[in-house]
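Here is a quick tour for anyone opening this structure for the first time. Have a look at the model, then read on.

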Amino acid sequence: MQGLALRVFRAKNSAHRQWGTGEDMTFTQAISSVLGKYATFSGRAPRSEYWWFVVFSILASIAAGVIDTALFGAFSLLTFGEIDAFTPISTLVGLGLLIPSIAVGVRRFHDMDYAGWWLLLIITGIGALVVFFWFMVRGTRGPNRFGPDPLEF
């Protein structure tokens with residue numbers, strides 16, 4: 001009974017996990033890690049680091065879109081019929097997050113012991129679904145040819 005209470009307590013307090021103890025990264029740890037390794041294509045990235053960065057990128061894009069609309073209204077750098085594309089703030093945010101997005105994707109492939117070039121599958125369209133599901137898989141346990149397991153020290 002005491003063990004069950006301890007597990008429930010740990011589950012409720014999972015936001016206070018420490019990185020490097022075999023636990024997942026928190027949102028702020030993941031964002032600081034990805035942006036700290038802005039253009040680092042070597043090493044490994046666990047699932048939590050990658051997916052928290054995806055959440056951050058989506059939130060940043062939404063915020064940029066809201067700011068674009070508030071500041072510039074219907075202004076866009078390019079228009080496709082009724083669709084406004086390349087609004088100023090959204091374009092800057094997208095360009096700013098492009099390199100770290102590619103870098104964390106490459107490191108995520110390294111975590112599964114695949115070469116980062118597999119990220120190019122996204123270009124094929126159907127390959128994006130394959131990559132999406134691959135990124136949900138836990139990386140190799142223990143060290144691999146790309147470095148030590150990021151969930152262990």
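## The chain overall

Buried residues (under 20% relative accessible area, with exposed meaning over 50% and partly exposed in between, using a 1.4 Å probe and protein chains only) make up 31% of the chain's 153 residues. Keep in mind that this is a predicted model, where local features need pLDDT of at least 70, side-chain atom pairs count only at pLDDT 80 or more, and totals for chains, interfaces and linings use all residues. Residues are numbered from 1 along each chain as its sequence is written, and side-chain values use heavy atoms, with hydrogens and water left out.

The chain has five helices and two strands, which are DSSP runs numbered from the N terminus (helices are H or I with at least four residues, strands are E with at least two). Along the sequence the pattern reads α-α-α-β-β-α-α. Take the contacts (heavy atoms within 4.5 Å) between residues at least 6 apart in sequence: 64% of them join residues at least 24 apart.

## Two helices side by side

Helix α3 (residues 47-72) and helix α4 (residues 88-111) have axes that come within 9 Å and cross at roughly 175 degrees. Axes here are lines fitted to C-alpha atoms, for helices over the stretch in contact, with angles from 0 to 180 degrees between N-to-C directions.

Who meets whom? On the α3 side the residues include F53, F56 and D68, and on the α4 side they include V93, L97 and R107.

## The nonpolar core

A nonpolar core is a set of buried Ala, Val, Leu, Ile, Met, Phe, Trp, Tyr and Cys residues joined through side-chain atoms within 4.5 Å. The largest one has 14 residues, and F53, V104, F109, L119, V131 and F135 touch the most other members. Helices α2 (27-36), α3 and α4 each supply at least two residues of this core, with α4 giving the most, four residues.

Which residues does F109 touch? Leaving aside neighbours within four places in sequence, F109 is in contact with Y114, A115, G116, W118, L119, V131, W134 and F135.

## A loop residue to look at

D113 sits in the loop between α4 and α5 (126-134). Its phi is near 70 degrees, a positive value in a residue other than glycine. Most residues other than glycine have a negative phi. D113 is partly exposed, with a relative accessible area of 28%.
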